[in-house]
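The sequence and structure come next.

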Amino acid sequence: MAKEIHHRLIILGSGPAGYTAAIYAGRANLKPVLIQGMQPGGQLSTTTEVDNFPGFEHGVQGPELMEKMRAQAERFDATMVYDTILETDLTTRPFRLTADSGDIYTCDALIICTGASARWLGLESEQKLKGFGVSACATCDGFFFRGQEIAVVGGGNSAAEEAIFLTNFATKVYLVHRRDRLRAEQVMQDRVRNNPKIEPVWDSVVEEILGEVGNGGVRGMRVKNVKSGEVRELALTGVFVAIGHSPNTAIFGDQLDKDETGYLITRPDSTATKIPGVFAAGDVQDSHYRQAVTAAGTGCMAALEAERYLTELEDHSH
Ligand code: NDP
């Protein structure tokens, strides 16, 4: 039966921001409860090697890093709840969160670390062929394309990283970008250029992904050169879309301030939102850096700010 459960502090999301907030709040004796969401471990749970998280001189696997963060939070009495919040009411006190299980969670302070999810091109054929050759996660699905020709769409670090990773399996990787220059860092650009299996397709947009669901899935892609107007068909069996991310803020409706791309707005040098007691950390409020280590940093800030908030709240009520 659905229950109503109260906690002083709830953390939403299980990426580096959420787990770090839980570690700090746990050490402050706040007995935090972390609601994991749909993808326990967040985006890093779908990556392979993480080479830039300090403290791991030889790199670490993304899922392993997240496991370690979770275990560290649990060592300080943080409780993990495997549920997903579908609706929030931040206009009442305590705040009310309705979960997928039907349970209602209430809390005095809330730290939002719901992260961001992959963006899609918005083509009907893309939606139709998702899981049938169209993917947004090279590390999840790359293995299925051994010995085949595929494409990655995008020009940022993610696209470059995915294209390079996919050359472990595919015989050829087209890198389709809408401009004639990658946005990715120089070191990634060099790796792309030096990889003989990657063929850049510059100045090109995807018009259609070709193929049928019950009939072998993706078989090609129609791309248009935006400068010459030329349309060509690439024969391939997989399409990886890597065009950035959107923040996961739908469950807050318009209760919190967002910027023009939907990221939560926090006060300068703070994780505080416009609602006292509600804090936001990690990718859900950061469209700029989007690194595991910066997410962890803001998760720490949010826990410290929530602790201060709860202490003041409880002092006033005595
Ligand atoms: P970015 O926003 O950096 O790049 C998105 C890319 O997709 C851009 O090249 C953009 O083109 C293109 N794009 C966007 N929308 C469309 C569309 N509708 N159609 C076609 N192309 C489109 O996202 P990333 O996910 O690559 O990276 C996000 C952040 O994460 C960055 O800060 C990045 O540095 C970081 N990151 C770091 C990694 C690392 O350090 N190892 C690995 C992966 C990501 P255009 O260039 O024309 O705008």
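Asp77 is located in the loop between H2 and strand S5 (79–81). The model is predicted, and in it Asp77 has a positive phi of about 70° although it is not a glycine. Most residues other than glycine have a negative phi. With a relative accessible area of 48%, Asp77 is partly exposed, because that category covers the range between under 20% (buried) and over 50% (exposed).

Lys31 also has a positive phi, near 50°, and is likewise a residue other than glycine. Its place is in the loop between helix H1 (16–27) and strand S2 (33–35). The relative accessibility of Lys31 is 46%, so Lys31 counts as partly exposed. Setting aside residues up to four places away in sequence, Lys31 touches Ala25 and Asp77. The C-alpha atoms of Lys31 and Glu74 are 10.0 Å apart in space, while the two residues are 43 residues apart in sequence.

Which residues does Arg70 contact, leaving aside its neighbours within four places in sequence? They are Tyr19, Gln36, Met80 and Tyr82. Arg70 itself lies in helix H2, which covers residues 62–75. Its relative accessibility is 16%, so Arg70 counts as buried.

A further backbone feature is the peptide bond from Arg93 to Pro94, which is cis with omega near -10°. Most peptide bonds are trans. Pro94 is found in the loop between strand S6 (85–89) and strand S7 (95–99).

## Aromatic pairs

The structure holds 6 aromatic pairs. In one of them, the rings of Phe145 and Phe240 have centres 5.4 Å apart and planes at 80°, so this pair is edge-to-face; the angle has to be over 60 degrees for that label. Phe145 is buried at a relative accessible area of 8%, and Phe240 counts as buried at 0% relative accessibility.

The pair of Phe279 and Tyr309 is edge-to-face because the ring planes stand at 70°, with the centres 6.2 Å apart. This pair also links distant parts of the chain: Phe279 belongs to strand S19 (residues 278–280) and Tyr309 to helix H7 (residues 292–316), 30 residues apart. Both Phe279 and Tyr309 are buried. Elsewhere, ring pairs link Phe143, Phe144, Phe165 and Phe169 into a cluster.

## Overall fold

The protein chain contains 7 helices and 19 strands. For its 318 residues, a compact globule would have a radius of gyration near 20 Å, and the 22 Å of the chain agrees with this. The C-alpha trace spans about 70 × 40 × 35 Å along its principal axes. Among contacts with a separation of 6 or more, 59% are between residues 24 or more positions apart.

Of the 318 residues, 48% count as buried. The accessible surface comes to about 15,800 Å², and 50% of this belongs to carbon and sulfur atoms. How far apart are the mean positions of the positive and negative charges? They are 4 Å apart, for 31 positive and 42 negative charges.

Terms used
Residues are numbered from 1 along each chain as its sequence is written. This is a predicted model: local features need pLDDT of at least 70, side-chain atom pairs count only at pLDDT 80 or more; totals for chains, interfaces and linings use all residues. Side-chain values use heavy atoms; hydrogens and water are left out. Helices (H or I, at least four residues) and strands (E, at least two) are DSSP runs, numbered from the N terminus. The radius of gyration is taken over C-alpha atoms; the globule rule is 2.2 Å times the number of residues to the power 0.38. Buried means under 20% relative accessible area, exposed over 50%, partly exposed in between (1.4 Å probe, protein chains only). Contact means heavy atoms within 4.5 Å. Accessible areas come from the Shrake-Rupley method with a 1.4 Å probe; for residues, only the protein chains shown count as cover. Lys and Arg count as positive and Asp and Glu as negative; His and the chain ends are not counted. The place of a charge is taken as NZ of Lys, CZ of Arg, CG of Asp or CD of Glu. Rings of Phe, Tyr and Trp (its six-membered ring) pair if their centres lie within 6.5 Å; planes under 30 degrees apart count as stacked, over 60 as edge-to-face and the rest as tilted.
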